[in-house]
Each structure stands twice: as C-alpha cells, then as structure tokens.
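I opened this model to look up a few local features. My entries follow, in the order I made them.

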Amino acid sequence: MSVSLTYLGGASEVGRVGAVLEGNEGRLLLDYGLQPDDPPKHPLPAPDVDALLLTHAHLDHCGLVPDVASRGTPIVCTPVTGELAERMAQDTLRVSEIENYPRPFHPTAIGDLNRNLRTTKPGRVEYRGGFEFGMHNAGHIPGAVMFDFPQQEFIFTGDIHTVDTQLTRAVKPKPCKTLAIESTYGGREHPPRSEVESELVDSIEDVVNSGGKVVLPSFGLGRSQELLMLVHDLGFEVWLDGMGRDIARILQKHPGSIRDFKAMNKAFRSTNFVRYSRQRSAAMNGDVIVTTSGMLNGGPVLHYLSKLKNDASSAVFLTGYQVPGTNGHLLKETGKLRLERDPNSPSFDLQCKLKSFDLSGHAGHSQIVDFIDKCNPEKVILYHGDNREAFEEDLKDYELILPQENVPIQID
Ligand SMILES: [Zn+2]
C-alpha cells in the first residue's frame with residue numbers, strides 16, 4: 001500500500017496543525033486547528049476525508065474541526081476531547097464576535113460536531129479509510145493522545161509531555177518505523193518540574209503571608225485546573241474565574257482522563273468559582289485568583305489587574321509561554337500592561353511583583369530526543385516547531401524530515 005502524509009499547516013510553525021494521511025483505500029485528516037492570532041490563521045483547505053482523528057482539544061489542533069464535522073465527517077477522539085472541543089468551539093465563536101473576525105464556522109457546526117463524534121479510548125483498535133489505528137496517552141493535557149498505525153508502523157504524536165504533571169501521566173515511547181513528532185521546544189529545555197512547582201508554591205505563600213494577593217493568569221484548559229491542584233492545600237482562599245470553570249466541570253465527568261482524579265476533585269471542592277461578574281468583588285477579597293486569559297489578551301484577568309495594578313504587595317505570576325505580540329509578552333518584557341483588549345490602548349506600569357515559571361505542557365528539547373531514541377524509528381518527521389534545525393545534530397542517526405506544508409512525505 002502506498003501511504004503519504006501531507007501537512008496542511010503546523011509543519012514549520014507552532015499552531016494550526018492539519019495533515020492528510022492518504023492510502024490506496026481512503027484518506028484521514030489528522031487534527032485541524034486554528035492559530036489564535038490577530039486575525040486567526042487557518043491551515044490550507046481540507047479535502048473530503050473518511051474521518052478526522054483529533055489528538056487533543058487545544059485550538060491549534062481542534063479549532064476548525066466543527067467545519068469538517070459539518071460535512072458529515074466522523075470525528076474520532078477520546079470522550080473528554082470531544083466534549084472539550086465543543087466548549088472550545090463555543091469560545092471561538094464568542095471571541096470572533098467580540099473581536100469582529102469572520103466566523104471560522106457556522107454556529108450549527110457545533111451541533112454537527114456533537115452528532116459526528118465517534119469517541120474511542122486507548123487500547124481499542126479502530127478502522128477508518130482503509131487504515132487500522134489505535135491511540136495512546138500523550139501526556140499533554142487530559143484526553144490528549146497520539147495515533148498509532150500498526151500496519152505502517154507509523155506514529156503521529158500530536159503534542160506530548162514526557163513527565164507527569166498534576167493532571168496528566170507522562171507519554172510512553174512506542175517502537176515504530178516512522179515517527180511524526182511535535183518539536184515546539186526545539187533548542188529549549190525545561191528546569192525540573194517539581195522544582196518549578198515548589199518554587200511557585202513558595203512564592204505564592206510569601207506574597208499571601210505578607211498581605212498581598214496573587215493573580216495567576218492561565219489558559220482555561222489544563223493550566224487553570226493544574227494550578228488549583230498546586231495551591232488548594234495551602235489554606236488560602238482560592239478563586240477561579242473564566243472558561244476554566246466550565247472545563248473543570250467537563251474534566252469531572254471523565255475520571256479516566258485524570259492522573260489523580262481524587263486529588264483534582266479535592267482541589268475543586270476547596271476552590272471558589274466565580275459564576276457571575278458581581279462575584280468578582282468577593283474574589284478580590286480572596287488570596288489567590290486563577291483566571292483567563294493566559295496571555296492577558298482579554299478575559300477577567302484584566303479586570304483583576306485593573307484593580308491591583310498599583311498594589312506593590314500583590315503579585316502576578318506567569319506560568320505559560322507568552323507569544324510575542326500578546327499583552328502577556330509586553331508585560332514580561334517591559335513590566336507594562338494594557339488593560340483593554342484593544343492593542344492600541346494605552347499601557348500602564350504594573351506595580352505588582354512579577355515573575356515567570358516554566359510549567360510547560362510540552363516536552364523540552366532533550367526530552368524529545370530521548371523519547372525519539374526510545375521509539376527507535378528509522379524515519380523522524382519533525383513538525384509543529386519553528387526551530388526544527390536545532391535537532392539536526394542530536395538526530396543525525398535517523399532519516400530526518402522537516403516537512404513543509406503541501407509537500408507529501410512517503411510513509412509506506
Ligand atoms: Zn496542545
């Protein structure tokens with residue numbers, strides 16, 4: 001059988017992933033994301049396929065899945081990913097309305113997504129488009145998987161992490177002949193996660209014990225819940241605001257997708273959830289506020305920081321990557337912050353303490369190399385990275401492919 005892989009997006013860049021796996025009997029689409037830029041960027045148009053296999057529910061992998069579902073295409077993913085993808089889709093429509101972007105899909109496409117979900121779990125064997133495949137935990141966020149095609153001895157990773165986090169268990173390497181793997185952290189390493197976690201917890205304790213408040217801007221999916229698990233037993237009054245609340249409710253329905261479900265629920269029970277905007281004044285009287293958006297480009301975080309910006313005893317701790325051009329990047333680099341969504345609005349000096357902690361959900365450079373060595377493939381396809389050349393020396397023993405969009409790669 002002749003099998004090829006063609007990227008529609010997310011080959012030489014981080015974001016908007018989409019790839020077509022084509023064989024003699026049919027075609028599969030692997031992820032179909034949206035890069036939440038200003039304005040959002042799409043991958044190349046997707047052809048008709050027998051099914052879409054979705055690795056996880058981050059927007060850069062799932063953002064345009066509703067559009068594909070509206071053609072009646074079956075969407076294959078884990079149950080929690082399906083539910084999260086629907087919630088993300090609602091948010092995409094909301095943001096495009098606020099920001100005045102064209103809608104990336106019709107609102108009825110969310111119902112189509114729901115109807116066309118064909119959920120499955122790691123350990124099961126599936127057949128679509130003439131391909132046999134299975135899925136394995138990818139360790140990135142709850143529900144995230146990599147896809148494995150045993151006939152072709154081919155693995156497509158999606159995003160992976162090789163260490164346990166509060167929410168997820170590390171990905172396990174799997175022997176294969178061809179490995180298509182994300183390379184987000186090419187040339188960059190993470191400090192040991194447990195050290196970063198303790199340092200963050202200690203810093204939060206210092207601020208609250210000396211009378212300040214801590215704002216933790218964070219992505220609604222994954223990071224918000226992870227932070228709640230880190231802070232819940234410190235004895236502080238913790239509040240969660242933004243989309244993270246709905247995501248928490250979804251995760252509570254899927255025990256199997258969480259590394260320590262009991263611990264997660266315990267953390268949620270001791271958290272105060274902001275349900276209405278008028279509860280924000282109560283949250284302001286608490287100690288720790290976990291809130292969206294992670295890059296400070298909008299969301300309730302701007303409300304809290306507008307109140308706290310002159311309070312030198314309080315702190316803002318960043319735990320996620322800040323994309324250049326975002327408000328969070330501006331803050332990290334200059335200590336200044338815009339308090340409106342509008343990128344042309346004036347920026348203010350933030351008097352609060354400011355610190356960044358590396359709690360990435362992606363494997364670092366050496367972790368990727370080590371994972372590849374353990375999978376022991378012949379051919380390595382590096383995608384989802386803007387510094388893929390950084391791997392050339394460490395991967396010189398493999399046939400290394402740095403794919404470009406719209407150029408087919410022969411798999412089998
Ligand atoms: Zn991701």
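**Notebook: local features**

Helices (H or I, at least four residues) and strands (E, at least two) are DSSP runs, numbered from the N terminus. The model is predicted, so I kept to its limits: local features need pLDDT of at least 70, side-chain atom pairs count only at pLDDT 80 or more, and totals for chains, interfaces and linings use all residues. Residues are numbered from 1 along each chain as its sequence is written, and side-chain values use heavy atoms, with hydrogens and water left out.

Asparagine 100 has a phi near 65°, a positive value in a residue other than glycine. At 69% relative accessibility it counts as exposed; the cut-offs are under 20% relative accessible area for buried, over 50% for exposed, and partly exposed in between (1.4 Å probe, protein chains only).

I noted asparagine 376 next, with a positive phi of about 50° although it is not a glycine. Asparagine 376 lies in the loop between helix H12 (365-375) and strand S20 (379-383) and is exposed at 55% relative accessibility.

I also found a cis peptide bond, from threonine 292 to serine 293, with omega near 0°. Serine 293 is in the loop between strand S15 (288-291) and helix H10 (301-308). For reference, most residues other than glycine have a negative phi, and most peptide bonds are trans.

**Zinc site**

Which residues coordinate the zinc ion? I read His56 (NE2), His58 (ND1), His140 (NE2) and Asp159 (OD), at 2.2 to 2.3 Å. Donors are N, O and S atoms within 2.8 Å of the metal (3.2 Å for Na, K and Ca); water is not among the atoms, so sites may look incomplete. Histidine 58 lies in the loop between strand S4 (51-53) and helix H1 (59-62), and aspartate 159 in the loop between strand S10 (154-156) and strand S11 (178-182), so the pair ties together parts that are 101 residues apart in sequence. I logged both histidine 58 and aspartate 159 as buried.

**Cysteines**

I counted zero disulfides, a disulfide being a pair of cysteine sulfur atoms within 2.5 Å. For cysteine 176, the nearest cysteine sulfur is that of cysteine 375, 5.1 Å away. Cysteine 176 is buried, with a relative accessible area of 8%, and cysteine 375 is buried at 1% relative accessibility.
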